[in-house]
Amino acid sequence: FLHFSLGVPGLQKDKAARVLNARTVKPLAGKTLLIIRLCHTGRAVAARSKAFGMKVLGTRARPKPMENVDEVHAADDLHDLLPHADFIAVSTPLIPATRGLIGAQEIAAMKPGVIFADVSRGGVVDQTALYDALSVGHVAAAALDVFETEPLPETSPLWALENVIISP
């Protein structure tokens, strides 16, 4: 999230062009992060996000108060939460109930300009729907380290998007 809020892609372009441009840093403080499934990874993301002053929302199968999380909601509340998040981190395991959890309908419900990270398992997020949203800017940027097919095929259109970080 910090990569995109600091505008690192633009800084890299400026460096390559050997120019200094004034850039607006978008602070994380005061922004809302939604963590889809507060598992071990989700809780770690929450702790780091709170350190930046973010409001942290999260989902769990059985909601209960958690350290570094402002609001814990039931997994079934996901659609109500999506429009409120400036940042979304998906950290759910792939089980029958989460396969295709984030599809075109869920992405359309997200706040325009959301920054998205998928650190769950391939199959939770519909890559075609995410690609479409990234292409038109509805999802401003994404950090992805899991894919429907791994490793990500060379033919995937995700490779060509400048607003995507792809990591193994």
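Colleague: Which strands does helix α6 lie across, and at what angle does it run to β6?

Modeller: In this predicted model, helix α6 (residues 127-136) lies across β5 (114-118), β6 and β7. Its direction makes about 135 degrees with that of β6.

Colleague: What makes β6 and β7 a pair of strands?

Modeller: Two strands pair if at least two bridges are found between them. Three bridges join β6 (residues 139-144) to β7, so the pair meets that condition. The two strands run parallel, and Ala143 has Ile165 of β7 as its bridge partner.

Colleague: Why are β3 and β7 said to stand at the edges of the sheet?

Modeller: The open sheet has seven strands in the order β3-β2-β1-β4-β5-β6-β7, with parallel pairing. β3 (71-74) and β7 (164-166) each have a single partner strand, so one side of each is left without a neighbour in the sheet. From one strand to the next, the twist averages 15 degrees.

Colleague: How do you know that helix α3 packs on the sheet?

Modeller: Contact requires heavy atoms within 4.5 Å. Helix α3 (residues 40-51) touches β1 (32-36), β2 (55-60) and β4 (87-90). Its direction makes about 170 degrees with that of β1.

Colleague: Why does the radius of gyration of the chain agree with that of a compact globule?

Modeller: For 168 residues, a compact globule would have a radius of gyration near 15 Å; the chain has 16 Å, which agrees.

Colleague: What share of the residues counts as buried?

Modeller: A residue is buried when its relative accessible area is under 20%. Of the 168 residues of the chain, 41% count as buried.

Note on methods: Residues are numbered from 1 along each chain as its sequence is written. This is a predicted model: local features need pLDDT of at least 70, side-chain atom pairs count only at pLDDT 80 or more; totals for chains, interfaces and linings use all residues. Side-chain values use heavy atoms; hydrogens and water are left out. Helices (H or I, at least four residues) and strands (E, at least two) are DSSP runs, numbered from the N terminus. Axes are lines fitted to C-alpha atoms, for helices over the stretch in contact, and angles run from 0 to 180 degrees between N-to-C directions. The radius of gyration is taken over C-alpha atoms; the globule rule is 2.2 Å times the number of residues to the power 0.38. Buried means under 20% relative accessible area, exposed over 50%, partly exposed in between (1.4 Å probe, protein chains only).
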